[in-house]
Amino acid sequence: MNILRYHPSVRCLARRALPSVRQFHVSRARLAITPTKPVQAVAHAAVGSYGADEEGEHVLNSPSELARKISAKVLPKIPRPDVRKVLIVGSGGLSIGQAGEFDYSGSQALKALREEGVDAVLINPNIATWQTSHELASEVYFLPITPDYVAYVLEKERPDGILLTFGGQSALNVGIELDKMGVLDRLGVQVLGTPIRTLEVSEDRDLFVQALKEIDIPVAQSTAVSTVNDALSAAEKIGYPVILRSAFTLGGLGSGFANNSDELRDLSAKSLSLSPQVLIERSMKGWKELEYEVVRDAADNTIICCNMENFDPLGTHTGDSIVVAPSQTLPDDEYHMLRSAALKVIRHLGVVGECNIQYALNPNAREYCVIEVNARLSRSSALASKATGYPLAYTAAKIALGHTLPELPNAVTKTTTACFEPSLDYIVTKIPKWDLAKFSSQVNREVGSAMKSVGEVMAIGRTFEESLQKAIRQVDPRWKGFEAYIQPEDIDQALSKPTDMRLFAIAYAIFNKNYTVDQLHDLTKIDKWFLYKINNIVQTVYAFKKAGSLENVDAELMKRAKCQGFSDAHIADLVSSKEDTVRAHRKSFGITPFVKRIDTLAAEYPAHTNYLYTTYNASEHDVKFDEHGTMVLGSGVYRIGSSVEFDWCAVTCARKLREMGQRTIMINYNPETVSTDFDEADRLYFEELGYERVMDIYELEQSQGVIVSVGGQLPQNIALRLKHSGVSVLGTDPERIDSAEDRHKFSSILDSIGVDQPEWTEVTSLEAAKEFASKVGYPVLIRPSYVLSGAAMNVVYEEHALEYNLSAAADVSPLHPVVITKFIDNAQEVDVDAVAHKGKLLIHAVSEHVENAGVHSGDATLVLPPVSLTETDMARLKEIAQKVAAAFEISGPYNMQIIKKPAEDGEEAQLKVIECNLRASRSFPFVSKVLGYNFIDYAAAAISGHNVPEPVDVMAQKRDYTAVKVAQFSWTRLGGADPFLGVEMASTGEVASFGQDIHEAYWAALLSQTGFKVPRQGSGVLIGGDITKPEMATVAKTLTNLGFKLYCSSPIVEEFLNDLHYVTAKRIFFPTHDKRKLREVFDEYDIECVINLAKARGSDAADEDYVARRNAVDFGLPLLNNARCAQLFVESLEKKIPQGGLKKYTEGRIPSEVRSWREFVGKRA
């Protein structure tokens, strides 16, 4: 039978290839008919909106009545699940390997449920994300993603169904465990989409290998083991080198390569502490790595949405690889070989929804094997969705609710069905963002099979060169394009052993060492196609250097450079000119970018989408510029210091502006975000956030204005320059933003309004630094100017440390002098988030830190409403907020960090402002959701000057609940990093929970950290650190009273603890160099928790406190590394143990913290 040939409604058919377009092909559809006349089908926005005669009938999404009638007869009759309420399990705090992509996929799923009229209940403690908003879910639970807590919510809410594939590995593992516990069966909860058995098969390595052998699909030769000795004997059989992979983990956690038995022994000991089973496989380092994204519905319609190719060969985790889509180096037969295998595998496994399959492909023979299948939405699903415009998560949710692909519309074009494979007339490049430099020299910079990147960027261009250079600039605004930003001493080592900077090692090898493409290929095993493309960029660089000056650059060279993705700033550097001069020169030739659409159809059919990008490889625009919208600048790549909370701010701001009737233009380039979802703004530019591109779009769109205060630091950095270029920057004046960023201007403004601040100075020499420190007294804080999240900041307690640290900090920014501030020890830190309009305070929130000052506010534990501040303190803090708003004439959001110095001799406590940002801060989502007032709604009104609300004092309202925000760290991923909290931010995300009091909220929030395991009662606790901290004694006494056994490694700590009444502590043998022996010691004494209250970071790798902290995270044990938090933890334990806090889930018992956000706040905030 032929397929339904509406032109182009159903595209489940192979089409004639256009020479310039890489085709994606599709499996044959099972059921079809040939209509007499082709008609132009225009899909309606809502699914099946053309109406079925009977409830639940499957009908083609088409305006033709005849087609609908015929399709109702022939489309398979698949029973739809009868669900009215569904629980979605989220992914928790952002961590390396499980980041913002699950905010995007979960939000898409919630949208799909809402369209279907299904009540959505969400459990996700990540308070910073868009999905934990009442706009999407009817009930939100900010609780841990653990089998026990999800079971409590199921017991309380009694939903009909559960979705497990939208919350990453965390949700998947919980679902498998709930099934084993029998909770789902007992409560009659249906697993929607991919069945549990399929999830188990894809996760359990043994079952997976067996399943693929049944259909003759090659898998890497491997053995699943669960002990170290079994791992060693398996490797002997397979032969070294081998790769070890952990089951049931995300982002390659605990995996790695081993070249001999010693390496394997250490690696397997660590991995088996994180996962019950590991797989020992033949290593295929140097093979190509490819990925296919597959969608399958319950009627067995299966399509390939996107295929992607790793720039880096196998051996680097795909999350740490540069990735291009569609694949560029595959001949057609290999593309189809892998495509057919993907369809066969996914059908055999029985996936219903979306999944991805990863392959290793031998570059020298027609040989491949399957590496793994993720039977859930993954990081690459978000990338594929944004790369193709095909909303995978939304479609997967609709499929889970029983829809089939032919009845769903293509959400981008609205003119075709979802049963088609996207065609691309562009190329996208993804580059990971690592933040390893934040962790100084301790962290191993090499990238391998375990993921280390914290975020990723995606750039769209019409040549590989264009998209690669765009992506390089997106990763770090300091980089201008493909240049040698590093000078490795051993270049061959830097090329053959990849690090986070390998791309620039390639640049160094070409520019400085004249390496050829063949030499580079031999060392890196990167496909020569990519290396030749890079060589095109290099030749253009040489052409500019030959030209020598801007006057000698002709239109042809300028056009060639822009088509290869060169920025004006990069060209300016090459010809010793200035960016603005190059811009003017370029425009004098009439060379400006063109705006193109992403339409999923490679422009084969007319489609009106608002998903846009700019390119110089074009001759006309795809859109008319007649909307003149307001531009909202997004936050760019997720990195330490700027993450999903700014995406929440940008999305909320754009939505509020649309609600006010304004047109919006969103600019962002992060594929993991909700802000880069094409239906969140009137126009989405998937583009760079640098000065050049923002100006291009502003000029083309003739925009009404630009909002720079909801996207973190990146938009702020260009605000003043935009203003000077004649751009209408909305909200607070960029001159005022600059005066808050510049310490001298900021300080004198505070002095003029009588607001206190710690003593500080700016020094350009070590002598001046010593002089200031001796005048104000140690400790002092040293920091370079103009940084985000305190890169290279340090607290220094004595002179020799000042000398050492100053040389380290001065290297950070030699152009800028170093700022030294008097550091106030044992002081409390307070965060004030506020919104003002024309200098008048509209709304403010005051949160207190649990930790004393000295811990970066992004890593601190926040309590709201505050429990220890008096009414006088609150009134004084409000007054400071009012004074600052007036002095800086703020219109929009701002945030301050204030130190409260303990009161002395009956005087009132001193309040000193240590920082002020005239933009939304990372705590805006937290305070908005906890207090039930959306601060960004207030900010959007203040910035635009429309419908500005009356001032309200939300802190004066009494509340019968407390919320606590806890940082989410990814220490496990960062081998060697010291898990120590200081003035440098180290966390990758955050979680928060509500409770009747601070202890209940802290307990739930702490358990919400991914991987936090509560120690069993009576187990061992390893305690160490600074005995002068008063909390050391109270923590030890409380743990002893609760029946825990105390151990320590230091004789000083042993003597201190045993001198306390009723406390006994045993000193244990503590091997600092042998991880395997240490693991045995931990097991022997049943150590299940580590409390380490050290005063400073470990001086070296043999430091006992460092070893205790590092191995706690390596062995997956809870680590408390701050005295105030340790105190709060043991107090919470003391309260929760009598209530059964350490007991497993039991039927009928629901802990008091299991209440929804609405129940705590008293309204749908």
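The legends below describe several close-up views of a predicted model. Because the model is predicted, local features are given only where pLDDT is at least 70 and side-chain atom pairs only at pLDDT 80 or more, whereas totals for chains, interfaces and linings use all residues. Residues are numbered from 1 along each chain as its sequence is written, and side-chain values use heavy atoms, with hydrogens and water left out.

**View 1. Helix 12 and the elements that cover it.**
Helix 12 spans residues 392-400, where helices (H or I, at least four residues) and strands (E, at least two) are DSSP runs numbered from the N terminus. Nine of the nine residues of helix 12 are buried, a term that stands for under 20% relative accessible area, with exposed meaning over 50% and partly exposed lying in between (1.4 Å probe, protein chains only). The buried residues include Lys398 as well as Leu392, Tyr394 and Ile399. Among the elements that cover them are helix 2 (101-115), strand 4 (161-163), strand 10 (288-296), strand 11 (302-310), strand 13 and helix 11 (379-388), where contact means heavy atoms within 4.5 Å. After helix 12 comes Gly402, whose phi is positive, near 100 degrees.

**View 2. Helix 3 and the residue that follows it.**
Helix 3 (residues 147-157) is mostly covered, with nine of its eleven residues buried. Arg158 follows helix 3 and has a positive phi, near 50 degrees.

**View 3. The loop around Asn362.**
Asn362 is placed in the loop between strand 13 (353-361) and strand 14 (368-374), and it counts as buried because its relative accessibility is 12%. The side chain of Asn362 reaches the backbone nitrogen of Asn364 at 2.9 Å; a polar contact is a pair of N or O atoms within 3.5 Å, of which, within protein, one must be able to donate a hydrogen and the other to accept it, and residues adjacent in sequence count only if both atoms are side-chain atoms. Not counting residues up to four places away in sequence, Asn362 touches Trp287 and Glu367.

**View 4. Phe482 within the largest nonpolar core.**
A nonpolar core is a set of buried Ala, Val, Leu, Ile, Met, Phe, Trp, Tyr and Cys residues joined through side-chain atoms within 4.5 Å. The largest one has 246 residues, and of these Phe482, Tyr894 and Phe994 touch the most other members. Helix 15 (residues 502-511) gives the most to this core, with nine residues. Leaving aside neighbours within four places in sequence, the contacts of Phe482 include Leu503, Ile506, Ala507 and Phe511, and also Gln469 and His570. Apart from this core lies another, of 101 residues, among them Val150, Val370, Ala1004 and Val1021.

The whole structure holds 31 aromatic pairs, where rings of Phe, Tyr and Trp (its six-membered ring) pair if their centres lie within 6.5 Å, and planes under 30 degrees apart count as stacked, over 60 as edge-to-face and the rest as tilted. One of these, between Phe544 and Phe566, is tilted, at 6.0 Å centre to centre and 55 degrees between the planes. The pair links distant parts of the chain, since Phe544 belongs to helix 17 (residues 528-547) and Phe566 to the loop between helix 18 (555-563) and helix 19 (568-574), 22 residues apart. Phe544 counts as buried because its relative accessibility is 0%, and Phe566 does so at 2%. Elsewhere, ring pairs link Phe142, Tyr961, Phe994, Trp1157 and Phe1160 into a cluster. Lys545 lies over the face of Phe511, 5.8 Å from the ring centre, and the charged end of Lys1095 sits over the ring of Tyr797 at 4.8 Å from its centre; a charge sits over a ring if NZ of Lys or CZ of Arg is within 6 Å of the ring centre and within 35 degrees of the ring normal.

**View 5. Strand 34 and its antiparallel partner.**
Strand 34 (residues 989-995) has seven of its seven residues buried. Gly989, Val991, Ser993 and Gly995 lie on one side and Glu990, Ala992 and Phe994 on the other, so that both faces are covered. Strand 33 (residues 962-968) runs antiparallel to strand 34 and is joined to it by seven bridges, where two strands pair if DSSP finds at least two bridges between them. Ser993 is the bridge partner of Val964.
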